[in-house]
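Please examine the sequence and the structure shown here. The paragraphs after them lead from the contact between chains to individual residues.

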Amino acid sequence: MNSFEFVRPATVAEAVAAASAPGAAYHAAGTNLLDLMKGGVARPTRLVDVNRLPGLDRIEHAPDGGVRVGALVRNADLAHDPAFSRRFPAVAEALLSGASAQLRNAATVGGNLLQRTRCAYFYDLASACNKREPGAGCDARGGENRLHAVLGWSGSCIATHPSDFCVPLAALGATVEIESKAGRRDVPLLDFHRLPGAAPERETVLEPGDLVVAVRLPAEAARFAAHARYLKVRERTSYAFAVVSAAAALRMEAGRIAEARIALGGVALKPWRAHDAEAALAGAQPDAASFRRAAEAALTGAEPSGGNAFKIELARRIVARALAMAAGGTPERVPALPASPFAPAPGASVHV
Amino acid sequence: MSDIALTSAPAHLRHGSSIGQPLTRRDGPLKVTGEARYAADNHPPGMLFAVLAVSTVARGRVLGFDLAAAKGHPGVVEVMTPVNRPPLAGDPDGKESPFAFRMDVLQNDRVRYPQQPVAVVIAETLEAATEGAALLAPRYEAEPARVGLDGAEPFAPKVVGAGNPASARHGDVESGLRAASHRLEATYETPAQYHNAMEPHAIVAAWDGDTLSIDTPSQGMALTQARIAGLFGIPPAGITIRSPFLGGGFGSKGLLNGPQVLGILAARLVGRPVKLVLRREQMYGPVGHRAPTRQTIRMGTDAGGAFTAIANQARTATSTFDDFIEPAADVAHALYATPALLTGHDAVRLDTGTPMFMRAPGEAPGSIALESAVDEMAEACGMDPLAFRLKNYAEVEPSSGRPFSSKALRECYAQGAERFGWSRRPLAPRRMRDEAGLLVGWGMGTAIFPALMFAGHARAVLKADGTGVVETGAHDMGQGAWTALAQIAADGLGLPLDRIEFRSGHSALPDAGLAGGSAHTATAGVAIDRAGADAIAKLAGLATRDRRSPLFGAGNAGVVARDGRLHRRDDEARSEGYADILARAGLGEIEGRGTGAADPAAQAAFAMHAHGAVFAEVKVDPEFGQVRCTRLVGAFAAGRVVNPRMVRSQYKGGMVWGVSFALHEQAVTDGRTGRVMNANLAEYHVPVNADVPSLEAILVHEHDPHVNPLGIKGVGEIAITGTAGAVANAVWHATGVRCRHFPIGLEQLIGV
């Protein structure tokens, strides 16, 4: 068998030390990593099991309304935390729209941030992939790429980041807490994932040994709670990755949009924050024309990376719809089909 | 023989006839407790693990391996390549029969499709064998792959499917089209699909001298046994196959395939039992698939909407080294009345594994195309799709002129439409919305599947204690054979179900025939029924000839077997228990034998098909094109229903498969390499529960006095047909967009 070392450190400091060695990888739920190892895509020589590290499995609500979520909190536990889902409903909806109940029960917050792309050429050892093997080339280009990136891609990689969770986190200005040999540092989620450029093998800003210990959402992110949605279009009703998704959050004042937050999923190698679209909505009426204008702005610079031009207009429509849904108000409960176009719409029809 | 401890007395077992009762699965407790032993659960002492190394190229030659690295890996016992592979007596590239498909068992260094086995690593552990296979790092001389329906020159096959003529003509299609008031010509494409049974193909093989013992999931133990015997040059009797449970087969476990043979060869090579289980992605090559099709359908009707002609010319694909031609066009032969009918097939040879029978082979892709075309034709005639189908109702089989042995399709249409509420359907598309503004569409399709039979055998024994034993080597793929066949067995012997032991799933039992073509219950069931009747006849002979029996002299009046007693037919009060009859005769047991097979005279006189009508509702997001099938009602008539609960399950499973066909399922093949890029269950989409929220199957009564003595038609495949087209037609009705390329993807619907 392919032998690897399995270490179970007792403290974060021990974990960081153990994972600083070349070939080491952190192991939490393993919902992605173990598949990659079975397929030979990832071949770590040492697994550093973080599951028993103390203090990483807590959801800490700050008095000011912010929250700190430990990296080991399971996706399902976070989504079902009443205080969390009340303040950050779009995040809860995104979490519940991902994967399956079994996977959500196991998968962790930290692991969700670090999940790898679903690009088939990355998983297929017989294909060239710059991400897997720097300099090898990219067989996704010119291949089966109808679900690949339309924003931020490069000639060396057209993959997308598959996370749902990260999309509202990006919209709401989350911060990632990282423990390293040099101590603890904060990185905005928007800066955490890297676009491919010429080095798609570098997926995040993490250095060897760096451990994600928590994700924080600021108090001001909770001010969007009344108008925050996640919308995810997929090729079956559940248990599918997004073709395109969007998180939309609005702060309404006197019937106008005081502030908007928009991010897209499934379009780029990182969760894609649409600052220009947000700016276009500041002070705007919450109507279809405003939302379409914002949607146009959100996809500025989008280009097909292959047979996926349809995703650009689809993404615009999804942004506009997510904004309309957010304007309509956050529902009392997360719908039974979270983030689905088939979830019953609260109040008036959003389909025109 | 049978070590399967089934539930013998379900709580709701009723007194009297077992056939027709909705018993739950007798193997259910074993399955929900994990006690049911599937092939790969068997670990005989000393067993080694074998893992395939498979080709990453579609076409070429293996130049070499890093044998030293693989063999040097701790735990690796042996690496089997063409160099040291034990010899075979039979040629794996031979074609002794149409059902002997060519297979890749390391007979040379050629690569003819991706995922082709090129070596086998045998080790003490699965992990060591897996790593050993990775270390082999085969080197190839690759040649360009031939991919897609335009990837090679087409050829005209001699036969399609299981031996049908490749083309059929009835009447003059061209003049029918010329005379038509309404005409349609449209081309429909269906993708390559893979069976994807939940249980991967697996074998545990153990040799003892020249006798062979194997555990493997099989839909056809007798054919498998015969093929192994031919390949290895040993007598079939020396080969024991245990296959009590299959985690799905769908046709991919019907005939012996290469990986099974490699498991047997590996055991031969190392002289120890070996287990070989395919990884999911390895199921996308050597164990069959459904080939893609491109069907060009031409139709014409007169002014009143009656067909003047139907033609379907289908293009499909097979491998470069063997022929399996998906008989997609043939479904038109028996469905709609038409004075002129023309079907034909051609095919291209691609660098894929050989396609194979896959649940409703031919009928499934043929039906979605034909039912879509019929819907388009109805639209062209300005007619309701149901009214159009009734207008063209076939009173006799259009391709042959034969009457149907039975056909309750009108009742299926009526009951399905009533239950669905079809009469409220607006004729024009894009007229319905739900309260949230989603587009709503209603579509329908006709289901049809031939009522086939293979040859099967059974043995029934009445024992001195008044209980019975019934044996047949049947195959339970999950459809409920353990239960339905036992119900037939109980009635055949005139015993309650809890007084018979039903033995099955083992090659030493009488050959029950292939579990395919939706023919298993009819074939094995008739064999069982006949075997029971044979035993009862012998028992009756003992009683009616014995002066001491109350039944003495009843020979002319006859006797009825019921609840463990024989009753005089004309005087129910005169009866005698089985045990008493046997005891007086001094017999420990009495044996009956029976065979089930199609009756050639009936087949010549009648067309035999099961029928159904499926009604579908879909909702479509108008801007995103995401589709959800929200409601399905299917009404099916398939002769006698042995177990309504299980038959309904078969229909529901088939209907879900139809949804999958229309909306989800496809192998995504890289056009450059021929490699399937979504060879896993995360990306090869089949419906999840949320995709089919409401599902109803109606059992329509149908008595068929001709199809076989039990009046049974098959139910395993029919519900795919009709459903896939109904869903596609509902998508049109919702959106006004005709999708002729399946599965229907959202980009086809969003108008960008």
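The model is predicted: local features need pLDDT of at least 70 and side-chain atom pairs count only at pLDDT 80 or more, whereas totals for chains, interfaces and linings use all residues. Residues are numbered from 1 along each chain as its sequence is written, chains are lettered from A and ligands numbered from 1 in the order in which they are written, and side-chain values use heavy atoms, with hydrogens and water left out.

The interface between the two chains is considered here. Chain A contributes 43 residues to the contact and chain B contributes 43 residues, where contact means heavy atoms within 4.5 Å. About 3500 Å² is buried between chain A and chain B, and carbon and sulfur atoms give 55% of this area; buried area is the accessible area (1.4 Å probe) that two parts lose on being put together, summed over both. Six salt bridges are counted between chain A and chain B, a salt bridge being a side-chain nitrogen of Lys or Arg within 4 Å of a carboxyl oxygen of Asp or Glu. A salt bridge joins A:Arg321 and B:Asp621, whose closest N and O atoms are 2.8 Å apart. Between chain A and chain B there are also 16 residue pairs in polar contact, both residues being at pLDDT 80 or more. A polar contact is a pair of N or O atoms within 3.5 Å; within protein, one must be able to donate a hydrogen and the other to accept it, and residues adjacent in sequence count only if both atoms are side-chain atoms.

On the side of chain A that touches chain B, at least two residues each come from helix H8 (120–123), strand S9 (228–233) and helix H13 (310–328) of chain A. Helices (H or I, at least four residues) and strands (E, at least two) are DSSP runs, numbered from the N terminus. H13(A) gives the most to this side, with six residues. The residues of the side of chain A that touches chain B comprise 19 nonpolar, nine polar and 15 charged; Ala, Val, Leu, Ile, Met, Phe, Trp, Tyr, Cys and Pro count as nonpolar, Asp, Glu, Lys and Arg as charged, and the others, Gly among them, as polar.

Aromatic pairs come next. Over all chains, the structure holds 21 aromatic pairs. Rings of Phe, Tyr and Trp (its six-membered ring) pair if their centres lie within 6.5 Å; planes under 30 degrees apart count as stacked, over 60 as edge-to-face and the rest as tilted. The pair of B:Trp207 and B:Phe232 is tilted, because the ring centres are 5.4 Å apart and the planes stand at 55°. This pair links distant parts of the chain, with B:Trp207 in strand S11 (residues 202–208) of chain B and B:Phe232 in helix H5 (residues 221–232) of chain B, 25 residues apart. B:Trp207 is buried at a relative accessible area of 17%, and B:Phe232 is buried at 10%; buried means under 20% relative accessible area, exposed over 50%, partly exposed in between (1.4 Å probe, protein chains only). One aromatic cluster is formed by B:Tyr38, B:Phe245, B:Trp482 and B:Phe502.

Several buried positions lie elsewhere. B:Val348, in strand S17 (residues 341–350) of chain B, is buried with a relative accessible area of 0%. Leaving aside neighbours within four places in sequence, the contacts of B:Val348 include B:Gly148, B:Phe155 and B:Arg315. In helix H3 (residues 126–136) of chain B, the buried residues include B:Ala129, B:Gly132 and B:Leu136. Among the elements that cover the buried residues of H3(B) are strand S1 (48–54) and helix H2 (67–72) of chain B.

Most residues other than glycine have a negative phi, and most peptide bonds are trans. B:Ala137, which follows H3(B), has a positive phi near 40°. B:Leu106 is not a glycine, yet its phi is positive, about 60°; B:Leu106 is buried at 5% relative accessibility. B:Gln115, likewise not a glycine, has a positive phi of about 70°, and B:Gln115 is buried with a relative accessible area of 12%. A cis peptide bond, with omega about 0°, joins B:Phe742 and B:Pro743. B:Pro743 lies in the segment after helix H15 (720–735) of chain B.
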